[in-house]
Structures are given as C-alpha cells and as structure tokens.
Amino acid sequence: MPSVVIFDIGNVLFDWNPRFLYERLIDDDRALDAFLRDVATKEWHFQHDAGRPFADTSAELAALHPQHADLIAAWGPRFNEQLGDMLPGMRALVDDLDARDVPLYAITNFSAEFWPPFRAREAALFDRFRDIVVSGDEDLTKPDPAIYHLALDRFGIAAEDAVFVDDRADNVAAADALGIHGVLFTDADVLRADLSRLGLL
C-alpha cells in the first residue's frame, strides 16, 4: 500500500482562474471573455510553467495585442490574484493526512517567477510539505515522465509508495505509467474516499 501523497496544486489544492484577477480590471463580461479566450490564454501561460520568463512572453503578446498591453503586463505581478482560496474540503483533508504523519509532497506546473510569492502567501500550508517540485524551476512540465522521475529521486521514494493526485487525466496517466498510484481529482469528498481505500485516511 502507498504511504505518501504527492499533490498537484492548481485546481487540486487551490482554485486557479485568471478571471479572479481580470474581472477586477475589465468591466464588460464580453470583453473579459474575449481577452481570456483570445489574448491571455492558458496556452500562452503554459510557457511560464515551462520556464520562459514573463518579461519575454508578455513583450511578445503585447506586440501582437498592443491595445491590451497594460492588461497583459498585470498577469505576472498580480498572479497571486488569480489564485483563490483552497478548494472546499481540501484544507481539512491535508490537515487529516498531516495529523496521521503521512508525508506530503507536490509536483506543480507553476512559473518559477510566480511560485515564490504564492508559496510565501500560503506558507502555513506549504510548510507542511516535505518538498515541492516546481516545473518552471526544472524546465520540465507534467505530463513529461522526466518530471516524475526527477521528483521521485529528489523525494527519495519509490513509485509504488506514492499516490499522485491531479485534476488532469493526462498527468494522472503519466504517473500511472511509471507505477505511481494516480488519482484523478474531482472534489475533496471523492479524494477522501479514494485515499481511505488506499489506507491513507
């Protein structure tokens, strides 16, 4: 049976949605939808998770959409405002795992620039984690098997000893292929039941 839990962070522990920031900056709902659909997309943001500097990506995007330069420029410095509270039930679940001395780790697709301010904001939670692999620091992203290998080596654990929780099926499948117990996250109640079946709660 597995003995440790490796979490994804965005949309597993915390609600990440760029709308949380940009609804404060764009009054018109249609303009907001268009900006996030056609300009500052999640596909564009993925470059940051893969290690590209925000200065480079924002300059490129602003050159394509000069009318939105100020909005694009806000993405990096105000990234914390895109991250809401912990998802319902997840704080209690982490508390319960920690109370049982279950070792906690994370592998997150996250910008190396944006991670430190968020880590500092949520220090009370992340201080409980023994280690966290951040994709932007490694120039590797999930679901590349290399980031899972790196994490297991760094954490000093065997694949079969770990449960990996992620909201993306491709990331879970990549973990499964390496012998990690992959769990697709939908909500805290389902995850709690999954972890209970695995003997961790």
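The following legends describe an overview and several close-up views of a predicted model. Residues are numbered from 1 along each chain as its sequence is written. In this predicted model, local features need pLDDT of at least 70 and side-chain atom pairs count only at pLDDT 80 or more, while totals for chains, interfaces and linings use all residues; side-chain values use heavy atoms, without hydrogens and water.

**Figure 1. Overall fold of the protein.** The secondary structure comprises 12 helices and seven strands (DSSP runs numbered from the N terminus: helices are H or I of at least four residues, strands E of at least two). Along the principal axes, the C-alpha trace spans about 55 × 30 × 30 Å. Of the 201 residues, 48% count as buried (buried is under 20% relative accessible area, exposed over 50%, partly exposed in between; 1.4 Å probe, protein chains only).

**Figure 2. Salt bridges of E81.** The side chains of R24 and E81 form a salt bridge at 2.5 Å, N to O (a side-chain nitrogen of Lys or Arg within 4 Å of a carboxyl oxygen of Asp or Glu). This pair links distant parts of the chain, 57 residues apart: R24 lies in the loop between α1 (19-22) and α2, and E81 in the loop between α5 (69-74) and β3 (83-86). R78 also meets E81 in a salt bridge, at 2.7 Å, N to O. R24 is exposed, at 52% relative accessible area, whereas E81 is partly exposed at 23% and R78 is partly exposed at 29%.

**Figure 3. The salt bridge between D166 and K142.** The side chains of D166 and K142 meet at 2.8 Å, N to O. The pair joins distant parts of the chain, 24 residues apart, with D166 in strand β6 (residues 162-166) and K142 in the loop between α9 (135-138) and α10 (145-155). D166 is buried, at 0% relative accessibility, and K142 is buried at 3%. Salt bridges with shared partners join D8, K142 and D166 into one network.

Figure 4. L61 belongs to helix α4 (residues 54-64) and is buried, with a relative accessible area of 7%. F54 is also found in helix α4 and counts as buried at 11% relative accessibility. The C-alpha atoms of L61 and E81 are separated by 20 Å, and those of F54 and D28 by 26 Å.
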